[in-house]
Amino acid sequence: MDSGKTTKQILKEKLASEKGTPLYNPEALTKMKKDFEVWQNTVVLEKDRKNWFVTPQTIMGSEIPRGLLYTPIDNEHLDYEKDLGFSGQEPFTRGLHANMYRGRTWTLRQLSAAGSPEEVNSRLKMLLERGATGTNLALDLATVQMFDSDEREALGQVGTVGVPIDCVEDMEVIYKDIPIDKISASIVTHYPRNTSIIFPMYLVMAERRGISWDKLPGSVQNDFIMESVVRSASEYIPPRDDFRVQCDNIEFIRKYVPRWNFITLNGYNLREWGTSGITEMAVAIANGIEILKDMGKRGYDPDWVGERLAFFWSPANDFFEEVARLRAVRRLWYRIMKYRFGCKNPRSMWSKCHVQTSGVSLMREEPMANVARSAYHAMAAALGGAQSLHVDGYDEAYSVPSDVANLLALRTQQIIEAETQITQVVDPLAGSFYVEALTNKIEDLILGEIDEIEKMGGLVDVVDSGWLHNKASRYIQREQQMMEDGTIKIVARNYFRDPNLEMPEIWVKEYDPALAKAMADKLARIRSKRNNEKADNTINALIDACKKGGNVMAACVECARADVTVGEMRRAFVKAFGLWKTPIFA
Amino acid sequence: MASNGKIKVLLAQFPLETHSRGIITVAGMLRDAGMEVILMGNALPAQVVETAVQEYVDVIGISTYCGGELALSKDLMKAAQKRGIKKRTVFLIGGIFPPLYIPKLKKIGFDGTFLSATKEEIVACIKAAVAAKK
């Protein structure tokens with residue numbers, strides 16, 4: 001399979017070898033081209049003819065030029081069967097399921113924000129009672145960065161942007177009375193190492209409740225791009241080791257927790273950090289390709305692995321681009337799985353996705369206007385056929401969402417689902433000359449960026465060299481310039497800004513030192529009551545697994561069973577792999 | 001002050017801060033405004049101060065989104081006091097934090113606090129504060 005050819009070369013050859021039937025009659029197109037030219041030269045104003053293509057300038061936009069009018073001429077080679085098909089059928093452009101939202105609406109999955117394990121448990125239950133159909137757990141910064149609540153680095157940050165988790169006991173509190181075998185849980189673990197550490201705590205919690213692992217539905221993030229590129233911190237391990245940890249987690253979860261999505265290839269945070277929607281998808285897919293190659297080396301069938309891969313996307317302001325992106329990436333992933341990896345199982349060719357509306361697109365100025373922005377983002381996600389959705393709170397630029405903002409976001413989802421009626425018809429924008437042309441263009445551009453990465457040696461190499469970091473830095477700088485000079489119009493900020501603008505009173509979460517104290521007391525209690533010899537042995541076994549190639553998640557499960565804490569496991573990883581400094585560019 | 005007469009700025013984040021879009025943005029703004037920028041990344045307050053001493057910077061800028069700004073900033077000022085650079089250094093903090101922390105952060109010792117600002121506002125603040133400390 002790995003013939004030294006890039007993904008783009010493989011797809012080009014395979015697709016060229018398939019015979020197809022163009023949707024539009026060539027004779028009709030020939031006549032149309034003539035008529036179009038006449039129309040352009042006689043009816044269209046000269047200034048519009050000269051400026052036929054306009055390049056949209058939006059936050060995190062892809063700057064794909066748009067024509068004034070789209071026709072079948074822009075879709076000359078469109079082949080219904082090869083390019084679109086019916087919903088639930090290859091190439092899945094029109095959706096993963098035949099009936100899409102008539103069968104089951106997307107999962108309404110709101111992030112449950114910050115607070116103590118007890119508070120978060122109440123908030124999860126509140127959202128479920130009001131109609132959320134899945135849980136979504138944000139971790140506090142110390143937990144994301146794998147520090148215990150009582151370490152010096154965690155000072156002043158316990159429970160600020162998510163829930164603190166130090167050990168299995170915290171998991172037991174967070175998911176108390178929630179039927180974890182029925183309600184799917186998304187645990188936003190970010191990094192591979194973090195996933196190795198936190199997810200076993202969830203598994204041991206289930207074990208202690210007597211629920212077997214094969215019944216658990218849900219997902220973790222487990223994406224090395226988050227650790228090695230998007231996030232910054234003082235203690236990271238080298239990207240190649242992190243990539244291996246990512247694949248160890250995948251191997252373990254696929255084997256022992258079969259209903260669990262073992263990776264959420266996270267385009268979202270990369271884009272929100274600073275890339276276009278094209279790079280967002282190219283990097284996530286390049287990671288998917290690297291994973292399948294690695295799992296192939298470990299002896300696993302891509303059909304078996306592929307079934308549980310999921311993606312995470314960020315829809316921003318350019319409405320049609322966002323719809324087209326979701327359609328394009330579904331088709332591209334299908335083609336990669338089928339033609340590059342030879343998959344036969346349709347489920348393994350699905351690119352299931354969770355979508356969170358864009359946070360960077362939301363503004364501090366007149367924050368209630370963000371409700372409108374997020375609703376359009378969410379609408380694009382639904383028209384694009386997303387499987388799961390979080391809508392941002394209007395207070396995004398101020399704080400983690402207040403309960404009011406969180407509920408309003410859930411209501412936005414419910415209005416789209418129950419009132420707008422857009423869910424009645426599957427893939428309703430298909431066949432639009434514009435949307436199909438844009439879908440094709442976006443697929444080409446994503447594949448082009450994957451090609452660029454593969455020609456430089458693959459994703460791990462371009463991360464290790466800092467190439468991707470530098471690309472994002474340049475994007476961020478340029479975008480900021482365009483926001484400041486007004487090239488990118490932002491309502492209420494640089495476009496029709498209120499000269500008497502006042503910042504509104506917005507609830508923001510203040511730091512509560514009592515929580516850190518409670519977490520520290522709990523840690524002291526756990527460390528004194530557990531069998532410390534057993535805990536030490538499991539930590540040493542984890543270091544061994546890291547160094548000698550054993551599965552690191554299997555070793556972390558033993559640590560969790562012995563009540564080893566998050567920080568203790570982090571230090572074991574660092575001891576085994578050493579530290580890597582994230583390259584940053586200005 | 002750098003030997004070429006440029007204002008020298010050290011930009012850093014506290015150890016756990018994961019968001020770097022802001023610090024990258026500001027680094028570019030200040031560089032474009034003719035300042036010399038050192039982008040340190042994540043570090044404990046004492047390490048930030050140590051680098052500031054070695055590099056003889058005029059300004060220390062902290063980028064924060066996820067909390068810890070009050071507790072860790074107190075550590076930063078203590079370390080600066082101890083190493084004798086508190087008086088001559090301009091301290092800035094920017095990012096996302098509760099607006100009602102602004103007076104508290106000023107009391108801790110920051111010369112500028114930014115929840116949202118343009119390049120012009122940040123550059124003007126730095127120039128005025130550096131001139132005032134001379």
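Helices (H or I, at least four residues) and strands (E, at least two) are DSSP runs that are numbered from the N terminus. The views below show a predicted model, in which local features need pLDDT of at least 70 and side-chain atom pairs count only at pLDDT 80 or more, while totals for chains, interfaces and linings use all residues. Residues are numbered from 1 along each chain as its sequence is written, and chains are lettered from A and ligands numbered from 1 in the order in which they are written.

**View 1. Glu449(A) sits within helix H17 of chain A.** Helix H17 of chain A, which holds Glu449(A), covers residues 433-455. Glu449(A) counts as buried because it has 21 C-beta neighbours inside 10 Å; a residue is buried if 20 or more other C-beta atoms lie within 10 Å of its own, exposed if 12 or fewer, and partly exposed in between, with the C-beta atoms placed from the backbone. When residues up to four places away in sequence are not counted, Glu449(A) touches Ile278(A), Thr279(A) and Ala282(A), where two residues are in contact if their C-beta atoms, placed from the backbone, lie within 7 Å. Lys8(A) is 441 residues from Glu449(A) along the chain, yet the C-alpha atoms of these two residues are separated by 9.6 Å.

**View 2. Chain A is shown as a whole, with 23 helices and nine strands.** The C-alpha trace of chain A spans about 85 × 65 × 45 Å along its principal axes. Of the 586 residues of chain A, 52% count as buried. Among the contacts in chain A with a separation of 6 or more, 77% come from residues 24 or more positions apart.

**View 3. Helices H10 and H22 of chain A cross at roughly 75°.** The axes of helix H10 (residues 239-256) and helix H22 (residues 552-561) of chain A come within 7 Å; axes are lines fitted to C-alpha atoms, for helices over the stretch in contact, and angles run from 0 to 180 degrees between N-to-C directions. H10(A) and H22(A) are therefore roughly perpendicular to each other, a description used for angles of 65 to 115 degrees, whereas those under 35 count as roughly parallel, those over 145 as roughly antiparallel and the rest as oblique. On the side of H10(A) the contact is made by Val245(A), Asp248(A), Asn249(A) and Phe252(A), and on the side of H22(A) by Val552(A), Met553(A) and Ala554(A). The residues of this contact divide into five nonpolar, one polar and one charged; Ala, Val, Leu, Ile, Met, Phe, Trp, Tyr, Cys and Pro count as nonpolar, Asp, Glu, Lys and Arg as charged, and the others, Gly among them, as polar.

**View 4. Five strands of chain A form an open sheet in the order E1-E9-E8-E7-E6, with parallel pairing.** Two strands pair if DSSP finds at least two bridges between them. Strand E1 (107-108) and strand E6 (263-266) of chain A stand at the edges, each with a single partner strand, so one side of each has no neighbour in the sheet. Two bridges join E1(A) to strand E9 (residues 388-390) of chain A, and Thr107(A) stands opposite Ser388(A) in E9(A). Strand E7 (residues 309-313) of chain A pairs with E8(A) over four bridges, where Trp313(A) has Val355(A) in E8(A) as its bridge partner. Strand E8 (residues 352-356) of chain A is mostly covered, with four of its five residues buried.

**View 5. Chain A and chain B meet in a contact with 31 residues from chain A and 29 residues from chain B.** Helix H6 (141-144), helix H11 (267-274) and helix H19 (467-484) of chain A each supply at least two residues of the side of chain A that touches chain B, and H19(A) gives the most, with five residues. The residues on this side of chain A divide into 15 nonpolar, eleven polar and five charged. H11(A) is mostly covered, since eight of its eight residues are buried.
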